[in-house]
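Open the structure in your viewer and keep the selection tool at hand. This tour goes stop by stop: select, look, move on.

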Amino acid sequence: MKFRKEIDSMGEISVPMDKYWGASTQRSKKYFDIGKIFVNKSLIKSIAIIKLAAAIVHKKEKQIDTSISNAIIKASRDVISGKLDENFPLKVWQTGSGTQTNMNVNEVIANRAIQILGGKIGSKKPVHPNDHVNKSQSTNDVFPTAMHISIVKETNRKLLPSLKDLLSQLKKKEKSFRKIIKVGRTHLQDATPLTLGQEFSGYVSQLKNCIDRIESSLKEIHYLAQGGTAVGTGINSRKNFDIKICRQISKITKIKFIPAENKFAALASHDAIVNFSGTLNTIAVCLMKIANDIRFLGSGPRAGYGELILPANEPGSSIMPGKVNPTQCEAVTMVCVKVIGNHTGITLAGSQGQFELNVFKPLIAHNILQSIDLLADSSLNFSKYCVKGIKADIVKIKDDLNNSLMLVTALAPKIGYDNAAMIAKKALNNKTTLKIEAIKSGLINEKEFDKVVDPKKMTQPE
């Protein structure tokens, strides 16, 4: 591998000749070679969007030479398009402000712009990574702004469509199962009847509420820290730069972004992200409930609940022929555990804002973007490869309903709670039916029993 020499405030360092990054990036590669998790590409592209927007503002206000601005604009678009993806080699575990990632983007854009203008890569002439690409900015406002842009973009692009697809499939099941009456369960024990559609309506309502929470909490993420520069005062930027750059970011992303009302809070705290992560945490709790119910109701096929027939997508065992497992449910529940863990990390990281800066930004960015990605992918898979193909085992459901002792609940208003309990216990101990024991008790005749103990009537108020 051939190297070139680049110089920064720390001195000289060798950089691979075939890469656009510079000295700051190379030092980070050396001193922060921690783990195998790289900075999310969505975050990189969001930083490049900021650089593009800043260059447009500086060009319009003639703060940077037009040729340099144009080169920065073109280089920034190259980063956003993904053409230069191999030039972002840094790990998540770095400086808590994300300075090295911001400088990585600055250096790549600067060197690409130098190349566009026919200069020598690494010379910082005629384009300087700090003086030109990072003009009117600080990592301290760039990184949180990029976090917000990425969260909004990825939520709108992936997460909400995936959740809405799952919601649509659950609604279809609610409708198709509306007439199937089954045994209810509380405390994992038999309870009064409900319809399978009613059971699925609970899942529909849960998920719909979660989607509403995401859309509500996402509004706060549309406020950007950009313009606060180092500590929130806006030093080294011109008045109203925050308004102008937000306007350009909005044009580029086609999403309305607004300057944060208080830049000091926007740099030193990430409460909006902690709050948004809380909605993802709630989704994880919601999906855990739904996936667990579905896999338990589909357990069997001979020794489980067996009320649902789940799609058989792949062999389930390397030793037991013909075994099929609820693998989509398992994948979703594993994702849920990871998202809950990520939220705990974000909560603790969000609490680490000392004075004018929170220095857990890369961790927060990684966790929130990973949670969005995992929830989006697992929800879509769960919808397509599990929920969509679920069928009801009508025979099993009917057998369980007919054998349920909790149908006796309908008798309580007629013969009293204690008498109804006595009948249920006798049916259980004698291994007979409620009807036999009720008639035998003399408290009710067969005609009255059939009229009162009607599972269909028990699925709604009188």
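Select L310, P311, N313, E314, N325, P326, T327, Q328, C329, Y385 and C386 in this predicted model. Together these residues line the largest cavity. The space inside comes to about 80 Å³. Now colour the lining by residue class. Six of its residues are nonpolar, four are polar and one is charged. Which helix gives the largest share of this lining? Select residues 327-350, and you have helix 11, which supplies three residues. The cavity is one of three of 30 Å³ or more. How is such a space found? Rolling a probe the size of a water molecule over the atoms shows where empty space is left.

Next, go to the largest pocket. Select G298, S299, G300, P301 and V324, the lining residues that lie nearest its centre. The whole lining has 18 residues. Eight of them are nonpolar, six polar and four charged. The pocket holds about 430 Å³ of space.

Now for a helix. Select residues 66-81 to show helix 3. This helix has 16 residues. From its first C-alpha to its last it reaches 22 Å, close to the 22 Å expected at 1.5 Å a residue. Which residues of helix 3 are buried? Highlight I68, S69, A71, I72, I73, A75, S76, D78 and V79. Step past the end of helix 3 to find G82. Its phi is positive, near 95°.

Move on to helix 15, residues 417-430. Its 14 residues should span 20 Å at 1.5 Å a residue, and its end C-alpha atoms are 20 Å apart, so the two values agree. Select A420, I423, A424 and A427, the buried residues of helix 15. Why do they sit on the same side of the helix? They cover an arc of only 95° around the axis, which puts them on the same side of helix 15. Now show helix 14 (412-415) and helix 16 (434-441), which are included in what covers these buried residues. Turn the view to the face pointing away from the buried side of helix 15. After helix 15 comes K431, with a positive phi near 55°.

Select M10, in the loop between strand 1 (3-8) and strand 2 (11-16). Is M10 buried or exposed? Its relative accessibility is 66%, so M10 counts as exposed, since the cut-off for exposed is over 50%. Draw a distance from the C-alpha of M10 to that of A23: the separation is 9.0 Å. Along the chain these two residues are 13 residues apart.

Last, select N40, in the loop between helix 1 (23-31) and helix 2. At 31% relative accessibility, N40 counts as partly exposed, because that label covers values between the 20% and 50% cut-offs. N40 and S150 are 110 residues apart in sequence, yet their C-alpha atoms are 9.5 Å apart in space.

Definitions and conventions
Residues are numbered from 1 along each chain as its sequence is written. This is a predicted model: local features need pLDDT of at least 70, side-chain atom pairs count only at pLDDT 80 or more; totals for chains, interfaces and linings use all residues. Side-chain values use heavy atoms; hydrogens and water are left out. Helices (H or I, at least four residues) and strands (E, at least two) are DSSP runs, numbered from the N terminus. The expected span of a helix is 1.5 Å times one less than its number of residues. Buried means under 20% relative accessible area, exposed over 50%, partly exposed in between (1.4 Å probe, protein chains only). The arc is that of the directions from the helix axis to the C-beta atoms. Contact means heavy atoms within 4.5 Å. On a 1 Å grid over the protein atoms alone, a cavity is a set of points where a 1.4 Å probe fits but cannot get out, and a pocket is an open set with protein on both sides within 12 Å along at least five of seven lines; lining residues have an atom within 4 Å of a point. Grid points are joined across faces, edges and corners, and a volume is the space filled by probe spheres set on the points. Ala, Val, Leu, Ile, Met, Phe, Trp, Tyr, Cys and Pro count as nonpolar, Asp, Glu, Lys and Arg as charged, and the others, Gly among them, as polar.
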